Amino acid sequence: MKQKIFIISGLVLLIAVVVIMFADLFSSKQADQANPYDYKMGEIRKSDSTRSAYSEQMIISPPLAEMHALACGAGDRIFVAGKDTLLIYDQPGHSAGRFLFNGTASCMTLDKKGNIYIGMQDHVEIFDPSGKLIKKWKTFSDESLITGIAVSDSGVFLADFGKKIVYRCSPDGRLINRIGEKDPQKNIPGFIIPSPYFDLALGKKGELWVANTGRHSLEQFSNDGTLNSAWGEANMAVEGFCGCCNPSHFALLSDGSFVTSEKGIERVKIYSPRGKFECVVAPPTAFIEGTRGLDLAVDSKDRIIVLDPEKKQLRIFVKK
Amino acid sequence: MRKTNLVPALLAFTTLFPKTVFAIQRFPKPEFESAYTQPQTQIPLPRGEFMAYLDVAVLLIALSVVTWLVLKKRSRLWVFAMSIFSLGYFGFYREGCVCSIGAIQNVSLALFDSTFVLPLSVILFFILPLLFTLFFGRTFCAAVCPFGAIQDLFAFKPQALGSRLNTVLGIIPYLYLGLAVLFAATGTDFIICRYDPFVGIFRFTASFGMFLFTGILLLSGIFIARPYCRFLCPYGVLLNWTSRFSRSHLTITPKECIQCRLCENSCPYDAIDIPVTTKSPESSPVMVKKMMMMVLIVPVLVIAFGYAGSRMQDTLAGVDPRVKLAKEVLSGMRDAGSGMRDAGYKMQDAGYKMQDAGYKMRDAGYKMRDAGYKMRDESFEIKAFKASGKTESQVYSEASAVLKKFYIGGWLFGGFIGLAIALMIGGRMLPVYRADYVTNKGRCFSCARCVDYCPVKS
Ligand code: SF4
Ligand code: SF4
């Protein structure tokens, strides 16, 4: 009996093998037509809700055809600018002002006095709080494209995508020094910025952080250009920065943590001051696929303001 | 465009038309601005000729050593040790390639396609085991073939299947061999390689499906020892027939069989023929009748199966990618034909519904959706065909040439199967007389297991 069971089992398995072989050979069924070279982003775009610690508190829809530049000023007022227009919103999201200028804003920041510094593609224009033009700087270079700006007592810091360099300037536009130039002797790798998203921001103590997107890292420099530290890793998973060059934008929270935004896999995340992944603010599913240019700002209450140029919204996220 | 305008334009463009830009960029985009220089693409050199001949030398040495171990030393232990070596070298190290079993296809293709160059090393891999078998029995299967070696490791509870089951299942390798030669000769596919159950294991690259396939086969091998060798291996058919003519085949006992019956159940492969001493007394008329039947049965089966094979022309040719493509193109045309007919109906409908623009819009929407479905459903083959610039008539004429080949091939394949079945039936009809326990020269793998059971040692 036992022997019979063994034989039958062996035969069944053997016949299964033969049937599989012949069925496969003669089946007219198409082989898997999935393109093996397709990037399958679907899985990566799915997010783990347990890692999301923020919720969307408010949406502002500025009546702007284009929105590129975002900043947060005194009284947690939100400044957003695009082509020829700057709009101001108060903390509850009501319109609080508007002024016009000539050109397309690519980045924006405010100083302590409330003056507004706008990176206008290849130069900088400074406006007083009422919107009066105070100063228009000279063009840095024909190739310049200012995509990041920050101001402190130490100067005005500009990230120039065209030249792949950071400038430290005086408020009147005089160049003090260049930061981040490749220097193997000083261990400075240089900026690798494949696409026109090159951001910088200042920490609480005025320390300069720059996104070296091609290296998927945030680098911290002294005012004199010394590279002090860097963190970041390339990774499709939520812990890292994806694609060729990310994060496209970032800002700092009051405790020194980083808020970062990415393109490719559109997502906004928080990293600890030491660069450890903490949580998701907005997962890829919160954005229209293909959105890029998610500029970020943080107000005094650590609300995170995300400029969504695709939905044409300012989206405000708060901790759950 | 001046340089000054280029950069702002770039920013405006990427922001205004983000979708367009996204669509044309591959993601993740390669880094192209660091000092890293892309190394030149290395095209691995083909394995040097010397190495190919080294493989042949190893094969020759292994065959010689195993033959000596089987016939002279008569040691199962050493034969087993050699099979482990072969599994390591030809299996895991050489990753199952070049393989004598697969060489059947190279040889077949070379015979029918003069443009196909057959390397000498492949010829030797094909011929050497057959030559050794012709003289010494299947010593190749004993411990040189890595496929046999790996299956041997799983034969934990081998069961005797009985001669009828062995005969019936024994048809499968003939089918496999016939199809393998047919598909190789017509340039359709190398199916022995396609369904090679072990190469994925040797290379650690088996897909889940293939792993499962191999797993099932090896599992069956627990109860049916060496299932691939006995009931699938197409090379085994050739070895089986050559071995029947071998002059110095392994014998269970080195001298006289003392009929102790100790070896009777020792063969896990049912390859020991037990003595048939009482010759069934068959009268001459019965014998004449049987012989007549044999003479009749062979041509009848060959023609009948040949005819059946030729009727299977379409099914067999359906495996060929050229015929598959033609079928797909044709079905696409048919779809387009019915599509045009439907479009005619739709236009007629549209006439009725002219006043209702809303309906038209909806229909247009459906059409676009259908067009989308069609584009999505198109197979790679069709896409490749469309990109190749070939005309449909070229595809059809290629396919019809292949179909013709399969008509003749179908006859030959069917005839071959018919002949194999006729010979099997004939073999069972013929009276046998055996005084001793002997190895069945065709089926015996010369593994030397039974030798250990025989008390007569020298
Ligand atoms: S029967 Fe085929 S697979 Fe088995 S050992 Fe012989 S050649 Fe190898
Ligand atoms: S030598 Fe032949 S008959 Fe003897 S056990 Fe091995 S396969 Fe069977």
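**Figure 1. B:Asp152 sits buried in this predicted model.** The relative accessible area of B:Asp152 is 8%. Its salt-bridge partner is B:Arg226, with the closest N and O atoms 3.1 Å apart. B:Asp152 belongs to helix 8 of chain B, while B:Arg226 lies in the loop between helix 13 (208-223) and helix 14, so the pair ties together parts that are 74 residues apart in sequence. B:Arg226 is also buried, at 1% relative accessibility. Salt bridges with shared partners link B:Asp152 and B:Arg226 with B:Arg76 and B:Arg449 in one network.

Figure 2. A:Arg315 pairs with A:Asp308, and their closest N and O atoms are 2.8 Å apart. Over all chains, the structure holds 22 salt bridges.

**Figure 3. Helix 6 of chain B, residues 120-136, and its bend.** The helix bends by about 25 degrees at B:Ile127. A proline, B:Pro129, follows within four residues of that point. How far apart are the end C-alpha atoms of helix 6? They are 23 Å apart, which agrees with the 24 Å that its 17 residues should span at 1.5 Å a residue. Just after the helix, B:Gly137 takes a positive phi of about 85 degrees.

**Figure 4. Buried residues of helix 6 of chain B and what covers them.** The buried positions include three phenylalanines, B:Phe125, B:Phe126 and B:Phe132. B:Val122, B:Leu128 and B:Leu130 are buried too. An α-helix has 3.6 residues a turn, so residues three or four places apart point the same way. The cover over the buried residues includes helix 3 (49-73), helix 4 (76-93) and helix 5 (100-112) of chain B. Helix 7 and helix 15 of chain B also contribute to this cover.

**Figure 5. The shell of residues around ligand 1.** This shell holds 13 residues. Which of them come nearest to the ligand? They are B:Arg138, B:Cys141, B:Cys145, B:Cys229 and B:Cys233. Four helices of chain B each give two or more residues to the shell: helix 7 (139-143), helix 8 (146-152), helix 14 (227-231) and helix 15 (234-244). By class, the shell has 10 nonpolar residues, one polar and two charged.

**Figure 6. The shell of residues around ligand 2.** Here, too, the shell holds 13 residues. B:Leu250, B:Cys267, B:Cys444, B:Cys447 and B:Cys450 come nearest. The shell divides into 10 nonpolar residues, two polar and one charged.

**Figure 7. Chain B as the setting for the views of helix 6 and helix 8.** Chain B has 458 residues, and buried residues make up 42% of them. The chain contains 22 helices and two strands. Among its contacts between residues at least 6 apart in sequence, 84% join residues at least 24 apart.

Note on methods: Residues are numbered from 1 along each chain as its sequence is written. Chains are lettered from A and ligands numbered from 1 in the order in which they are written. This is a predicted model: local features need pLDDT of at least 70, side-chain atom pairs count only at pLDDT 80 or more; totals for chains, interfaces and linings use all residues. Side-chain values use heavy atoms; hydrogens and water are left out. A residue is near a molecule or strand if one of its heavy atoms lies within 4 Å of it. Ala, Val, Leu, Ile, Met, Phe, Trp, Tyr, Cys and Pro count as nonpolar, Asp, Glu, Lys and Arg as charged, and the others, Gly among them, as polar. The expected span of a helix is 1.5 Å times one less than its number of residues. The bend at a residue is the angle between axes fitted to the seven residues ending there and the seven starting there. Buried means under 20% relative accessible area, exposed over 50%, partly exposed in between (1.4 Å probe, protein chains only). Contact means heavy atoms within 4.5 Å. A salt bridge is a side-chain nitrogen of Lys or Arg within 4 Å of a carboxyl oxygen of Asp or Glu.
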